[in-house]
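Dear colleague,

Please find below the structure that I am handing over to you, with its sequence. My notes on what was found in it follow directly after.

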Amino acid sequence: MSDVNKTIQKWHASFRKGTDFDSWGQLVEAIDEYQILARQLQKEVQSTNSSDFTEEQKKTIGKIATCLEMRSASLQCTQSKEEFKLEDLKKLETIIKNILTYNKEFPYDVQPVPLRKILAPGEEENLELEEEEDAAAGVGSTEAFPPRAPDLNSVDVNPVQDTPVATRKEDTYIHFSIDIEIQRHVEKLPKGAAIFFEFKHYKPKKRFTSTKCFAFMEMDEIKPGPIVIELYKKPTDFKRKKLQLLTKKPLYLHLHQTLHKDS
């Protein structure tokens with residue numbers, strides 16, 4: 001069996017594992033499996049050295065990754081009106097299994113996650129050390145995720161909003177469960193603007209609030225429904241020129257967007 005067929009077989013096994021967890025009601029395990037597979041597919045799409053897949057096949061792979069993220073987000077947003085159902089996702093099994101010969105139109109109107117210039121993640125010892133320092137102080141850190149909307153010159157075009165602290169922690173998830181309203185019409189945001197989310201936590205030992213990591217949505221990502229966006233290492237890079245993933249682990253910021261129309 002060729003390397004590319006082994007890769008496809010591995011993807012298919014991961015897909016089946018995720019949908020099995022999903023159908024059994026093991027949602028945490030399903031979400032983890034979906035996110036891991038989505039990350040693997042996105043990595044293949046962004047690879048410039050791989051010649052195993054054509055550009056059209058990579059587009060299809062990217063769309064499958066988007067659907068995996070949509071299902072993952074739907075599982076965490078029970079009141080979502082744009083819910084991507086398990087039966088919708090299962091329709092993609094034949095496609096991922098036969099990606100080398102699939103030549104039909106993709107069944108859903110989705111787009112691959114926009115490609116971004118991402119540097120290879122660094123080692124994670126610093127991340128773990130920082131957490132150990134907080135733990136050694138005997139007081140848990142307080143997390144918040146304030147959003148802001150700077151333009152390409154790093155100038156805020158919308159007031160920075162501080163969010164309440166996290167409501168609970170569960171496994172690798174930190175839940176905020178809050179609604180944030182951007183105080184400006186999307187159409188009036190200047191070209192090149194983006195909505196940034198900075199993950200801040202209080203360091204009791206040093207007595208100050210630090211930015212742990214950040215995430216952002218570009219203008220073409222602002223649309224109704226769930227979205228999963230990657231976390232990047234600090235300092236916050238408002239110009240998005242030198243992005244570096246926070247960790248190799250499948251950790252993301254999960255959001256659900258609602259667009260309001262003027263009455």
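In this predicted model, L68 touches F15, Y34, L37, A38, L41 and L89, leaving aside residues up to four places away in sequence. L68 also belongs to the largest nonpolar core, which has 31 residues. The residues with the most contacts inside that core are L68 together with W11, L41, C67, L89, L92 and F106. At least two core residues come from each of α1 (3-24), α2 (27-46), α3 (55-75), α4 (86-90) and α5 (93-97). Another core, of 14 residues, lies apart from this one and includes A166, F176, A215 and I229. As background, nonpolar side chains tend to be buried together in soluble globular proteins.

As to the overall make-up, the protein has six helices and 11 strands. Of its 263 residues, 45% count as buried. Among contacts between residues at least 6 apart in sequence, 65% join residues at least 24 apart.

Helix α2 deserves a separate note. Its 20 residues reach 28 Å from the first C-alpha to the last, close to the 28 Å expected at 1.5 Å a residue. The buried residues of α2 are A30, I31, E33, Y34, Q35, L37, A38, R39, L41, Q42, E44 and V45.

I turn next to the charged pairs.

- R16 and E93 form a salt bridge whose closest N and O atoms are 3.3 Å apart. R16 lies in helix α1 and E93 in helix α5, so this pair ties together parts that are 77 residues apart in sequence. R16 counts as partly exposed, at 38% relative accessibility.
- K17 and E33 meet through their side chains in a salt bridge of 3.8 Å, N to O. Since K17 is in helix α1 and E33 in helix α2, the pair ties together parts that are 16 residues apart in sequence. K17 counts as partly exposed at 43% relative accessibility, whereas E33 is buried, with a relative accessible area of 12%.
- K59 and E56 meet in a salt bridge of 3.5 Å, N to O. These two residues are three apart in helix α3 and are therefore separated by about one helical turn. K59 is partly exposed, with a relative accessible area of 46%, and E56 is exposed, at 52%.

The aromatic residues come next. A search of the whole structure finds nine aromatic pairs. In one of them, the rings of F21 and W24 have their centres 6.1 Å apart and their planes at 85°, so the pair is edge-to-face. F21 and W24 are three residues apart in helix α1 and are thus separated by about one helical turn. F21 counts as buried, at 15% relative accessibility, while W24 counts as exposed, at 58%.

A second pair is formed by F214 and Y232, with ring centres 5.7 Å apart and planes at 35°, so this pair is tilted. It links distant parts of the chain: F214 is in strand β7 (residues 208-218) and Y232 in strand β9 (residues 232-233), 18 residues apart. Both F214 and Y232 are buried. F214 and Y232 also belong to one aromatic cluster, formed with F196, F216 and F238.

Finally, I would draw your attention to the loop between β9 and β10 (243-244), where P235 is found. A cis peptide bond joins K234 and P235, with omega at about 0°. R240 has its place in the loop between β9 and β10 as well. Although R240 is not a glycine, it has a positive phi of about 55°. R240 counts as buried, at 14% relative accessibility. R240 also lies over the face of F216, at 5.8 Å from the ring centre, and F216 is one of the members of the aromatic cluster described above.

With kind regards

Technical notes
Residues are numbered from 1 along each chain as its sequence is written. This is a predicted model: local features need pLDDT of at least 70, side-chain atom pairs count only at pLDDT 80 or more; totals for chains, interfaces and linings use all residues. Side-chain values use heavy atoms; hydrogens and water are left out. A nonpolar core is a set of buried Ala, Val, Leu, Ile, Met, Phe, Trp, Tyr and Cys residues joined through side-chain atoms within 4.5 Å. Buried means under 20% relative accessible area, exposed over 50%, partly exposed in between (1.4 Å probe, protein chains only). Helices (H or I, at least four residues) and strands (E, at least two) are DSSP runs, numbered from the N terminus. Contact means heavy atoms within 4.5 Å. The expected span of a helix is 1.5 Å times one less than its number of residues. Rings of Phe, Tyr and Trp (its six-membered ring) pair if their centres lie within 6.5 Å; planes under 30 degrees apart count as stacked, over 60 as edge-to-face and the rest as tilted. A charge sits over a ring if NZ of Lys or CZ of Arg is within 6 Å of the ring centre and within 35 degrees of the ring normal. A salt bridge is a side-chain nitrogen of Lys or Arg within 4 Å of a carboxyl oxygen of Asp or Glu.
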